[in-house]
Amino acid sequence: MVAVSEDRLICANLNRCGCNWISDPASTLGLCFNCGLTRTRPADSDIVGLSQYWIAEAAKRRLIFGLDELELPIKISDGSSGLAFDLLSSTRGKIITGYQNGLVTLDLAESNDAHREALRESMDEPYRTVLGHFRHEIGHYYCELLALTTDRREEFRKLFGDETTSYDEALQGHYAVGGGHDWQDRFISAYATMHPLEDFAEVFGHFLHIADTLQTAAEFRLLPQHEQRSDAPSTWEISKKPRVALLERSMADLIAQTWLPLTKGLNQINRSMGKADLYPFVLGQPVIAKLAFVADLVANAEAPRE
């Protein structure tokens, strides 16, 4: 370990996955809170897996940092509740990325650019990243924790549908016929059309994309400036906490006045460099309504990190 002060140490995973966070006093292994969430990692003898694990943990740190900035509840799994991650190497067997009962599983092969891009093209996806996987799967966790509660379940069903419909049948149907030709009118992605739970996870992940990107853009003074009128929407103020800056305006205003101008500009910058659009998404009104529901869940998530 590298000492930071007499009572604060760098995470024990500094040389294993490049983690430079401060170790959690509650960890008996000298790990930081983020690394303590990882239940399983590749064996030290798995050179390929460990190199991919380095990349995945970097993405996971960004995920956890973003959740913490939004002051969302995060509890390390105690075996019966809470959150945990299995970052598994497929060099020794097939791994399926997914979520179940608080456990996020990631096939570390997704850390390989060529492998991930081949999958993206074969599945006709506009966007596929390791961070995107994490943000999607964590959406399932917060769906259980925040959305499918007694007081929010009916609102969830009005927007996303009945989550009790057969998941297996929906999965088979999706891969048989896809999302249909007009899915962009109502969904953020073709995959979101598969089942209400996947729709929510896709929207929640997209909310995290928006939150992190706007915070970064604000720090670098990249957000559009509005005319100074009394009735003009306020710009993103970097002096405010990210949670406040994101949630103080309606989602419709935030999308129209800040998010879309920013992403249109970023897409044009990419095109100027001969690259594909950075933001390959279309936000219809039904999707904005779903994003507003997620924003309200985040605004009312009062439990601190445990």
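How much space lies in the largest cavity? About 100 Å³ lies there, in a model that is predicted. Local features rest on a pLDDT of at least 70 and side-chain atom pairs on pLDDT 80 or more, whereas totals for chains, interfaces and linings use all residues. Residues are numbered from 1 along each chain as its sequence is written, and side-chain values use heavy atoms, with hydrogens and water left out.

Rolling a probe the size of a water molecule over the atoms shows where empty space is left. On a 1 Å grid over the protein atoms alone, a cavity is a set of points where a 1.4 Å probe fits but cannot get out; a pocket is an open set with protein on both sides within 12 Å along at least five of seven lines; and lining residues have an atom within 4 Å of a point. Points are joined across faces, edges and corners, and a volume is the space filled by probe spheres set on them. By this rule, one cavity of 30 Å³ or more is counted. The lining of the largest cavity comprises 14 residues, with Gly66, Leu70, Leu208, Ala211 and Asp212 nearest its centre. At least two lining residues come from each of H3, helix H8 (196-219) and helix H9 (242-247), where helices (H or I, at least four residues) and strands (E, at least two) are DSSP runs numbered from the N terminus. H3 gives the most, with five residues. Eight residues of this lining are nonpolar, two polar and four charged; Ala, Val, Leu, Ile, Met, Phe, Trp, Tyr, Cys and Pro count as nonpolar, Asp, Glu, Lys and Arg as charged, and the others, Gly among them, as polar.

Helix H3 itself covers residues 47-69, and its 23 residues reach 33 Å from the first C-alpha to the last, close to the 33 Å expected at 1.5 Å a residue; the expected span is 1.5 Å times one less than the number of residues. H3 is followed by Glu71, which lies in the loop between H3 and strand E2 (84-88). Most residues other than glycine have a negative phi. Glu71, although not a glycine, has a positive phi of about 60°. With a relative accessibility of 35%, Glu71 counts as partly exposed, the classes being buried under 20% relative accessible area, exposed over 50% and partly exposed in between (1.4 Å probe, protein chains only). A positive phi, of about 55°, also belongs to Asp124, again not a glycine. Asp124 is placed in the loop between H4 and H5 and is exposed, at a relative accessible area of 70%.

The largest pocket has a volume of about 1600 Å³. Its lining holds 50 residues, and Met123, Glu125, His136, Tyr175 and Tyr191 are the closest to its centre. Strand E3 (98-100), helix H4 (113-122), helix H5 (130-147), helix H7 (167-177) and H8 each supply at least two lining residues. The largest share, eight residues, comes from H5. By class, 20 residues of this lining are nonpolar, 19 polar and 11 charged. The second largest pocket has a volume of about 750 Å³ and is lined by 29 residues, with Tyr127, Thr129, Asp277, Leu278 and Tyr279 nearest its centre. H4, H5, H8 and helix H10 (251-272) each provide at least two residues of this second lining, in which 13 residues are nonpolar, six polar and 10 charged.

Strands of a sheet pair through backbone hydrogen bonds, either parallel or antiparallel. Here, four strands form an open sheet of mixed pairing in the order E1-E2-E4-E3. Strand E1 (38-40) and E3 are the edge strands, each pairing on one side only, and the twist averages 30° from one strand to the next. Two strands pair if DSSP finds at least two bridges between them. E1 and E2 run parallel and are joined by two bridges, with Thr38 opposite Phe85 in E2. E2 also pairs in the parallel sense with strand E4 (residues 103-107), over five bridges, and Leu87 stands opposite Leu106 in E4. Because four of its five residues are buried, E2 is largely enclosed by the rest of the structure.

Ser189 is located in the loop between H7 and H8 and counts as buried, at 10% relative accessibility. Ser189 and Asp199 are separated by 10 residues in sequence and by 8.2 Å in space, C-alpha to C-alpha.

Note on methods. Axes are lines fitted to C-alpha atoms, for helices over the stretch in contact, and angles run from 0 to 180 degrees between N-to-C directions.
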